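Here are my notes on the model, written for someone meeting it for the first time. Have a look at the picture, then read on.

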Amino acid sequence: MVVDLGYGDAGKGTVVDWLCATRPVHTVVRFNGGAQAAHNVVRPDGRHHTFAQFGAGTFHPGVRTHLSRHVVVDPLALAAEADHLAAVGVPDAFDRLTVDGAALLATPYHRAANRARETARGADRHGSCGQGVGETVAYGLAHPDEAPRVADCRDPEVLRRRLTALRDRLTAELGPLDAPPVADCLPAYRAFAERVAIVDGSWLAGALRAGPCVFEGAQGVLLDEWHGFHPYTTWSTTTFANAETLLAEAGQGGSALRIGVLRTVTTRHGPGPLVTEDPSLPLTDPHNATNPWQGRFRFGHFDAVAHAYALAVAGGVDGLALTHLDLTERDLDLRICRRYDGLDRLLPGPAGDLDRQAALTARLLRARPLYDAGPANWPEMIGEALGAPVLLTSHGPTSAEKHVRKEGHLINAWCRGRAPS
Amino acid sequence: MGSGMWSTDVYTAADRYRRATGKSAFSYSDSGAKVVHPQLDPRGATRESRDSAEHPRSTPVTVLFDVTGSMGHVPRTLQAKLPQLLGLLLRQGYARDPQIMFGAIGDATCDRVPLQIGQFESDNRMDEDLGRIVLEGGGGGQMMESYELALYYMARRTVTDSWEKRGRRGYLFIIGDELAYPSVKAAEVARLIGDDPREDVPVRQIVDEVTRRWDTYYLLPAGSHYSGNRKVLDFWRGLLGQNALELDDLDAVCETIALTVGLGEQAIDLDTGLRDLDRTGSTATRTVSKALARLNGARRAEVAELPATRTTGGGVVRL
């Protein structure tokens, strides 16, 4: 199980790609988020793909993707993504995809509503990606029996009714939406259902029996809907919780290795607290351009306080994967923040106490970081600061630039124990 | 953490899934059909673009393309691209209530299916018409196709509320790479369309008729057999003036048509349109800019020098 212990963008995609490059992975399971994910994978031969809904192991022949019911599925974006995969030499991505019929569908109506709301917030934007994922989750909670789901794509009449109800409700609330008529949407969803294998919740147990699976998290724990810094969060549980639930349902609860991914600099795309932000850092990110929904990509020094909080929220990890070590080999003044001025630790609260989370956010927006100089041995020091071993280090974008540390035998032992007989 | 990386356009998603099933978009033709699909048979049929409660000010747009062999892969590329046209027009607000009709042109002297005409549709049903088009693929080698028959059909067998109620011309785009025959032959009209015009109609006369009600453009795309051939371009420039355009990248066909309509409807000027394309991430900007530069310039010149009665334009000259 791979999750990001920051605000996203630490390198989950490249870690999942490496796992699939180095062992016989059967399926990459997505357990949160949706089409707004952007997991960049660069192959040693230079091919690049930004994985949104397909698992980041898709470059490897035979590795499947399963979108569990915790994923918000967007068939329109999925088609475009498959097109690009075909263009970079992966023509059979659809053949290796299964989708849980119970997953919610993100539609053009959700997207239009998301954008209308975020635009209305003006300067107080939450950093939404403008893809309507949060809007989809909100509608699913408000109207669980009527929210369009993946399985509805097989039944055009049901889907038509549900899309119409959705459009009418959102239009009543927000005014006219910039989205196509329901009748125009139906052929695309029908084509999706004809092309993609829609399965039920029992499919995963079979996959787990067939070989090792990787659970690929989206976004980051510090953006978690309940434990993140409200309101700058995502409508998604970004911890291991959903993955553990799925495993437990398949009779394999607690059996998976838990990997937390961190980057040597703490980054954030979108507004909200980033205590160690340092605009003077001469860094750019090739895959995160400034965009109208999230603004500029932000860089800060390694924020051990925030990452320790994420670790506690996530319930601990077996080990860490540390990416972007190549940055520490350059002549940059990279530092580490072990405490804030007047604040040594952030304590997790109970899930769902958003007032408390908002108060924490207010506190963080005022907090000043205290820095120590960057160490000679980053993996050692980060392992110490967070109390978890760094199993894997990454020194460049491709899987060939990953190094397993001596503690990393854990990953390999775990995998050998799970290989199909 | 994330981005809206992949397109979420319903109009392209259906097509992408269809291609991903390995099913050809030209399913009717590829299943071996050699006769015109009943839905596209022009014989005895009139095509109407009407206003409705949902679409009170319809703007008719017709796209007819040459499906003979000299066009090579062009029809298949068009088939993949054209479904985006409606979305482009709607999203950018270039035209009120666009209604789009597709059709195909062959050679009446030797083809089995020389004329195929769909319906005006304001939704994805036009995709289905595209899928029903028979790709003739033959063609003579005499550098002529029966464009004049298509022009005859457009002039005499189409009815639009846009014209009848508001005196506004629709848009007709012909995509091809050859010459028309010198006249519309009465016998072919009788056989294929079912009219009895008694005598042949010179192509010049039918162009005058059609341009009265249709703002008519000829697009000569790259990748077709005779593209870049001066003879073809000169022939169409003689009939349509600056409305005969060269297109150096077929992938830009939708954007070219959309911007031409946007210019005609005075919804945009060329610079605004090109900026719109840039903003939507289109890769077609350069091609469209090149194709339409002449048009844009010519239109401005027209304001300065010509009254609104040029032979190729017929009625009102839109700026």
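1. At the start of α1(B), a side-chain oxygen of Asp9(B) comes within 2.8 Å of the backbone nitrogen of Tyr11(B). Helices (H or I, at least four residues) and strands (E, at least two) are DSSP runs, numbered from the N terminus.

2. Is helix α1 of chain B enclosed or open? Eight of its 11 residues (10–20) are buried, so the rest of the structure largely encloses this helix. Buried here means under 20% relative accessible area, with exposed over 50% and partly exposed in between (1.4 Å probe, protein chains only). The buried set runs Val10(B), Tyr11(B), Thr12(B), Ala13(B), Ala14(B), Asp15(B), Arg16(B) and Tyr17(B).

3. The rule (a side-chain nitrogen of Lys or Arg within 4 Å of a carboxyl oxygen of Asp or Glu) finds one salt bridge across the interface of chain A and chain B. On the side of chain A that touches chain B, α2(A) gives the largest share, nine residues.

4. As for the interface overall, 41 residues of chain A and 20 residues of chain B take part in the contact, contact being heavy atoms within 4.5 Å. About 2500 Å² is buried between the chains, 63% of it on carbon and sulfur atoms; this is the accessible area (1.4 Å probe) that two parts lose on being put together, summed over both.

5. Now the caveats. This is a predicted model, where local features need pLDDT of at least 70, side-chain atom pairs need 80 or more, and totals for chains, interfaces and linings use all residues. Residues are numbered from 1 along each chain as written, chains are lettered from A and ligands numbered from 1 in written order, and side-chain values use heavy atoms, leaving out hydrogens and water.

6. Chain B averages a pLDDT (the predictor's confidence in each residue, from 0 to 100) of 81, and 83% of the residues score at least 70. Over residues 297–319 of chain B the pLDDT is below 50. For the complex, the predictor gives an ipTM of 0.80 and a pTM of 0.64.

Technical notes. Polar contact = N/O pair within 3.5 Å; in protein donor to acceptor, adjacent residues only side chain to side chain.
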